[in-house]
Amino acid sequence: MKILICGKGGCGKSTVSALLARRMQKRGKKVFLVDADESNIGLYRMLGLNMPEPLMDHLGGKKGFREKTKTSGVMLGGPAQLFPKNLKIEDLPDNCIAASNGIQVMSVGKIHHFGEGCACPIGKLFRMLFSSLNFDDQDLVMVDTAAGVEHFGRSLDGQCDHILCVVDPSYESIMMAKRVTNLAKEANLPVSAIINRVTPEIEKDIRPALETVNIIGHLPDTRSIFINNLNGNPLDPEMPEIESICDNLDELLNTSSA
């Protein structure tokens with residue numbers, strides 16, 4: 001099962017990704033977490049890891065990637081000349097994978113320098129990689145995306161089985177969740193939402209505004225998560241709210257595989 005985690009900037013996508021990855025791993029899932037956000041670098045510290053070499057860098061950066069993909073077959077969308085068919089996670093370069101207690105994390109690419117150009121090659125690399133990767137049935141693949149909905153425009157979501165939208169208590173985030181729901185329907189993909197950083201009072205106010213969105217749980221506005229994120233420390237997934245979300249996520253996974 002491949003889950004794409006999206007939402008507006010600052011809503012907590014990486015925090016939710018890290019908490020879900022750690023909790024689902026403790027439930028016996030084999031978790032592969034893909035960092036597809038070209039700007040954010042905090043995901044790894046949330047899991048107690050150092051960031052591995054981004055795959056784009058391993059391929060020689062954007063310049064090297066363009067050189068490797070300018071043959072006609074690859075430019076027409078065929079990934080075989082860059083990645084073999086039925087590529088396995090273990091076939092990826094070791095220095096591009098960070099691993100900890102059953103969780104494997106990789107970065108597709110990052111923006112490193114002023115004036116280096118847009119992130120389009122990183123999106124193209126993601127599509128090529130995922131169209132070649134062959135995951136086992138027991139694998140849980142989660143993709144932490146960049147902010148916004150550009151990945152829908154680039155059809156990155158077509159590489160996944162379920163869309164999970166993170167919503168914080170703001171008008172922009174609520175509108176983003178509704179927009180994501182509509183775009184997911186156009187792509188014929190199921191979509192769910194997690195409300196993040198809410199108190200019980202705020203949750204009562206925000207749920208009616210999301211009446212058209214399938215909500216599978218909420219995460220509280222806790223000081224411990226704030227302090228750990230502020231100091232770059234690993235997050236503790238031991239909270240009843242994340243357990244409830246994982247219960248609902250397991251149900252979604254079982255329904256999809258039935």
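Which residues does Lys62 touch, not counting residues up to four places away in sequence?

Analyst: This is a predicted model, in which local features need pLDDT of at least 70 and side-chain atom pairs count only at pLDDT 80 or more, whereas totals for chains, interfaces and linings use all residues. Residues are numbered from 1 along each chain as its sequence is written, and side-chain values use heavy atoms, with hydrogens and water left out.

Leaving aside residues up to four places away in sequence, Lys62 touches Met56, Ile111, Glu116, Gly117, Cys118, Ala119 and Pro121, where contact means heavy atoms within 4.5 Å. Lys62 counts as buried because its relative accessibility is 9%; buried means under 20% relative accessible area, exposed over 50% and partly exposed in between, with a 1.4 Å probe and protein chains only.

The residue belongs to helix 4, which spans residues 61-68; helices (H or I, at least four residues) and strands (E, at least two) are DSSP runs, numbered from the N terminus. Helix 4 packs with helix 6 (residues 120-132) at an angle of about 50°, their axes lying 11 Å apart, where axes are lines fitted to C-alpha atoms, for helices over the stretch in contact, and angles run from 0 to 180 degrees between N-to-C directions. Helix 4 is therefore oblique to helix 6, since angles under 35 degrees count as roughly parallel, over 145 as roughly antiparallel, 65 to 115 as roughly perpendicular and the rest as oblique. The crossing of helix 4 past helix 6 is left-handed, meaning that the near helix is turned anticlockwise from the far one by less than a right angle. Lys62 itself takes part in this contact, together with Phe65 and Arg66 of helix 4, and on the side of helix 6 the residues are Pro121, Lys124, Leu125 and Met128.

Elsewhere in the model, strand 4 (residues 103-107) is mostly covered, with 4 of its 5 residues buried. Strand 2 (residues 30-36) runs parallel to strand 4 and is joined to it by 5 bridges, with Asp35 standing opposite Ser107; two strands pair if DSSP finds at least two bridges between them. Strand 3 (residues 98-100) pairs with strand 4 in the antiparallel sense over 3 bridges, and Ser100 has Ile103 as its bridge partner in strand 4. The hairpin of strand 3 and strand 4 has 2 residues between the strands, and Asn101 takes a positive phi near 50° there.
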